Amino acid sequence: MNPIPTVSVVVAAFNQEKYIGRCIRSLLNQTYPRERYEIIVVDDGSTDKTRYALELFEEDICRLHNPERGGLPAALNKGIRAARGQLIVRVDGDDYVHAEYLNILSLHLLLNGQMDAAACDYQLVDDHETCLRIVNCLDEPIGCGIMFRVEHLIDIGLYDESFHLHEEKELRFRFEEKHRIHRVALPLYRYRRHENNMTNNSQALEQYRRRLEEKHGPASAA
C-alpha cells in the first residue's frame, strides 16, 4: 500500500500539450522525498494532445479526466477533493517550479504550526523561459505558489466554480477573512506569460472583476 503523502500538488490543464511535460518534469525533480507528495493532474476536457502527453507520466501522477471542459475552478476543486495530503499547493499546467518548491513551502508550514498558508515569490518568464523579472507574491499575488492546509480550504468551501477568471482573488478574499498567508521571499515558482494566457482577455477579466466586487465589495477587486 502506498504511504499517505504529506503534500498534494494539484495541476489543472486545458489544452497544454506544449507545456504540461515541462510542468510535470519540474514536479518530479523536487528535492522533497518522492514518497511524501503526490501529483494530481486534472485534464479539463482538453481537445489537443494533452491527454497523450500525460500518458507519458502515467506511473508518476494521478490523472483525472473531465470528458467536457468544466472550467478552471471546477477542475481545481476536483483535484483538491481527490487529494490525500494535509497540505495542498496549486501549479498551473503551463508553469513550472524550482527544485526546492515543495521542500521549502512545506517546511514553513510543518515547522510553524501557527502559519495558515505560505506563498513564495515568483519569476515571471517568457515562452523561452527567460526571466523577465522577480515578483513579490504579496505585491502582485497569483493563484499559484501558495501552500494551504487542506482543512482551511475545506472550511471556506474551496473555489467558487462560477468564477472562470479571478477565481484566485475570490478564494483569497474568503481565505483571508479567517486566515493569513505568509510570504516566503524566495522566487520558487515560474509564472509563464504567453499569448494563450487566460489573463490576456481584458474584457472577460473586467466582467469577472465586477462580479467579484458585487459578491464581496470594492475591496475584493482592488
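Here is a short walk through the structure, one selection at a time.

Before you click, note that this is a predicted model, where local features need pLDDT of at least 70, side-chain atom pairs count only at pLDDT 80 or more, and totals for chains, interfaces and linings use all residues. Residues are numbered from 1 along each chain as its sequence is written, and side-chain values use heavy atoms, with hydrogens and water left out.

**Stop 1: E38 and R84.** Select these two and you'll see their side chains meet in a salt bridge, 3.3 Å from N to O. (That term means a side-chain nitrogen of Lys or Arg within 4 Å of a carboxyl oxygen of Asp or Glu.) E38 sits in strand 2 (residues 37–44) and R84 in the loop between helix 3 (72–82) and strand 4 (87–92), so the pair ties together parts 46 residues apart in sequence. Helices (H or I, at least four residues) and strands (E, at least two) are DSSP runs, numbered from the N terminus. E38 is buried at 11% relative accessibility, while R84 is partly exposed at 41%. Here buried means under 20% relative accessible area, exposed over 50%, and partly exposed in between (1.4 Å probe, protein chains only).

**Stop 2: R192 and D127.** Here's another salt bridge, at 3.8 Å from N to O. The pair links distant parts of the chain, 65 residues apart: R192 is in strand 9 (residues 181–192), and D127 is in the loop between strand 6 and strand 7 (131–135). R192 is buried, at 3% relative accessible area; D127 is partly exposed, at 31%. A search of the whole structure finds 14 salt bridges.

**Stop 3: D121.** Move on to strand 6 (residues 117–125) and pick out D121. Is this residue buried or exposed? It's buried, with a relative accessible area of 4%. Leaving aside residues up to four places away in sequence, D121 touches several others, including V135, N136, C137 and R183 (contact means heavy atoms within 4.5 Å).

**Stop 4: E177.** Head for helix 6 (residues 167–178), where you'll find E177. E177 counts as exposed, at 57% relative accessibility. Show I156 too: the two C-alpha atoms are separated by 9.6 Å, with the residues 21 apart along the chain.

**Last stop: L110.** L110 is partly exposed, with a relative accessible area of 36%.
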